[in-house]
Amino acid sequence: MAKLYIFGIGGTGARVLRSFTMMMSAGVNIGADEIVPIIIDPDASNADLTRTVALMNNYRAIHSALSFTKDNKSTFFRKELSQILVNYTLRINDTDDKTFQQFIDLPSMDKSSQAMMRMLFSEKNLGSSMDVGFKGNPNIGSIVLNQIVDSNDFQDFANNFESGDKVFIISSIFGGTGASGFPLLLKTLRTGTNFPNNNLINKAEIGAITILPYFKLKNDDESEIDSSTFISKTKSALAYYENNISKNNSINALYFLADDVTNTYENHEGGSAQQNDAHLVEFLAATAIVDFSNKQHSNTSNKELGLKDLSGSVTFDSFYDKQKRQLYAPLTEFMMMANCLNHKFDYYSSKDFNANNDNFNGLYGSSFMSELQNLTGSFIEWLREMKKNKRSLDLFNLNTKEKPFEVVTGIKPKRIVSIKSDYDLVTDRLNSAVKKCHSKEDNDKFLEMFYLGMTKLFNEKFNA
Amino acid sequence: MSEFFGSIYCWLEDFFGIELAEYLWGESSPEQLSNMFIGIGLTMLAISLVVAVCYYYVINHPRLNNWWGWLIFLGVNAAINFVVGWQWVLKDYYAGLMVKKDAATGKMVDLLIYTDDILAFGVTNMIDAIIAFIVFSYIIKWRSANCSRAPF
């Protein structure tokens, strides 16, 4: 079983992993059997991170309750998401409750070294607490994250690595943690020798996405993060990446994402207040992981993503055909299931829903169902955040009420010959699907029923 | 077969009258010598089956997957069969086929069958149709995608 290790660095890494987990849930085709997320973020209380960790736990709880027999073709929650580290997070040694100058042990340095350090780092930098990230300072991050390889968690990752496994790294180029963590991690993976399986890891196929500025932060004199420096930091980092990553073939595929339309967020240095709404760019970054997992890259490929139409909100029609094909069916089918479970749960858990006849006894009150409802609710919330963000990703109508097929933005559902319409048609397809399920266990059967039913409806109503 | 169809009607022959029952058996009128229960009974069964198939497999609507949805179709089946049974026999009545030869005069005289008896026979056909619909429902409902839970 080929594994894909995904390193999500900093807040952006966690947010992209959130989008990627949603795509995994919906069954977007991923070219790996097992996904192993590893988050690198010293700011453990960062709300973006805790939300992603909760979502991935949610996914794993659902996946672990499913067995997926050979004949069950359902793609919902099919891929295994493994946790090899506590909270999926690679802990960096010696950063708890310490300032940066304590971390580098500044007082014990000789005078000339201290002078050099004070030239490279401001007093504010030296006094920065290490447990809320590097607050947009890659110069701090590059020192601290150099310790990654010494951590037990990194050794655990290396121990787990097998031949054929791939690595993908997510980072932003304009912050602190991601900008400094990506080149350091890549260098460690490519050239490091003091960890297990280093010969395999050094030669592994490695991809990465680096995200250029896609949001701004409000000016705040109290905050160390100043978004007006994002562009200059990006330019410096790009120049560094060109010389030290692209030109020396140390990476197989390097994806770049950028947008000139940006939203302005509240300026939080980190912690529980740092919870940004999901964004189109994070969604697109997750599609880069999908793309990487499905392809082989022998030499360094530099990739950018283009959209067909950028006049207003981004919809399915904004994507080029290949990307649309990749996303349209799984996300729409999952969205229709999410609507059933969130807006019509009373009906679908009742005796009136004929599929419940001799099936799903006790399922609706089970922890599996509450996990499933929780995740589908999060899926809708995730879409809502992206829809209201700037630039807006408007894939679905999130308020379909009694019209379940008016769900895809800008797409008029096809008419079919049937005396049933709307949710009656959905119910009919589910009742028919349950008779075709191959699964024996209720949990599997329930999701297989939705998969078969929604696939049929998608083909009838939306497939060109 | 004639015994079978005769018997499913004649358990209510007191309701629609012995005279009409004998006419339908084909034993009282020289103008009508066949067992009419067979034709009427087969038609009643066929209609009931068609209505049940419509309910469970043709219309097969999720909103009708309950006792009242099923009851609507039972009612429709009952109404159709009432009209069929009633009109089938009433046609003979107006055609003047319900007669017998008077032993004394040798002339043809009307049998003692009234339109109320024929109406009662329609009701009997309706009751049999209700029973047939219930039986068919329990036989065919299991493979219905949307209504296999109806009526219970």
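Analyst: Let us begin with a term that the sheet needs: two strands are said to pair if DSSP finds at least two bridges between them. Please keep in mind throughout that this is a predicted model.

User: In what order do the strands of the open sheet in chain A stand, and is the pairing parallel or antiparallel?

Analyst: In general, strands of a sheet pair through backbone hydrogen bonds, either parallel or antiparallel. Here 7 strands of chain A form an open sheet in the order 3-2-1-4-5-7-9, and the pairing is parallel. The edges are strand 3 (80-81) and strand 9 (301-304) of chain A, each of which pairs on one side only. Helix 1 (residues 10-26) of chain A packs on this sheet, where it touches strand 1, strand 2, strand 3, strand 4 and strand 5 of chain A, and its direction makes about 125° with that of strand 4.

User: How many bridges join strand 4 of chain A to strand 5 of chain A?

Analyst: There are 7 bridges between strand 4 and strand 5 (residues 205-211) of chain A, which run parallel, and within this pairing A:Ser171 stands opposite A:Thr210. Strand 4 of chain A also pairs in the parallel sense with strand 1 (residues 3-9) of chain A, over 5 bridges, and there A:Gly8 is the residue opposite A:Ile170.

User: Which residues point one way from strand 4 of chain A, and which the other way?

Analyst: The general idea is that in a regular strand the side chains alternate between the two faces of the sheet. In strand 4 of chain A, A:Lys166, A:Phe168, A:Ile170 and A:Ser172 point one way, whereas A:Val167, A:Ile169 and A:Ser171 point the other way. Strand 4 (residues 166-172) is mostly covered, with 7 of its 7 residues buried.

User: How many residues of helix 15 of chain A are buried, and what covers them?

Analyst: For helices, remember that an α-helix has 3.6 residues a turn, so residues three or four places apart point the same way. Helix 15 of chain A is mostly covered, with 10 of its 13 residues buried, among them A:Tyr423, A:Val426 and A:Leu430. What covers the buried residues includes helix 12 (321-343) and helix 16 (442-461) of chain A. From its first C-alpha to its last, helix 15 (residues 422-434) reaches 19 Å, close to the 18 Å expected at 1.5 Å a residue.

User: How many residues does the contact take from chain A and from chain B?

Analyst: The size of an interface is often given as the accessible area lost when the parts come together, but here we can count residues instead. The contact takes 12 residues from chain A and 11 residues from chain B. On the side of chain A that touches chain B, the residues divide into 1 nonpolar, 5 polar and 6 charged.

Definitions and conventions: Residues numbered from 1 in each chain as written. Chains lettered and ligands numbered in written order. Predicted model: local features only at pLDDT ≥ 70, side-chain atom pairs only at ≥ 80, totals over all residues. Buried ≥ 20, exposed ≤ 12 C-beta atoms within 10 Å, placed from the backbone. Helix = DSSP H or I, 4+ residues; strand = E, 2+ residues; numbered from the N terminus. Expected span 1.5 Å × (residues − 1). Contact = placed C-beta atoms within 7 Å. Nonpolar A, V, L, I, M, F, W, Y, C, P; charged D, E, K, R; others polar. Axes fitted to C-alpha atoms, helices over the stretch in contact; angles between N-to-C directions.
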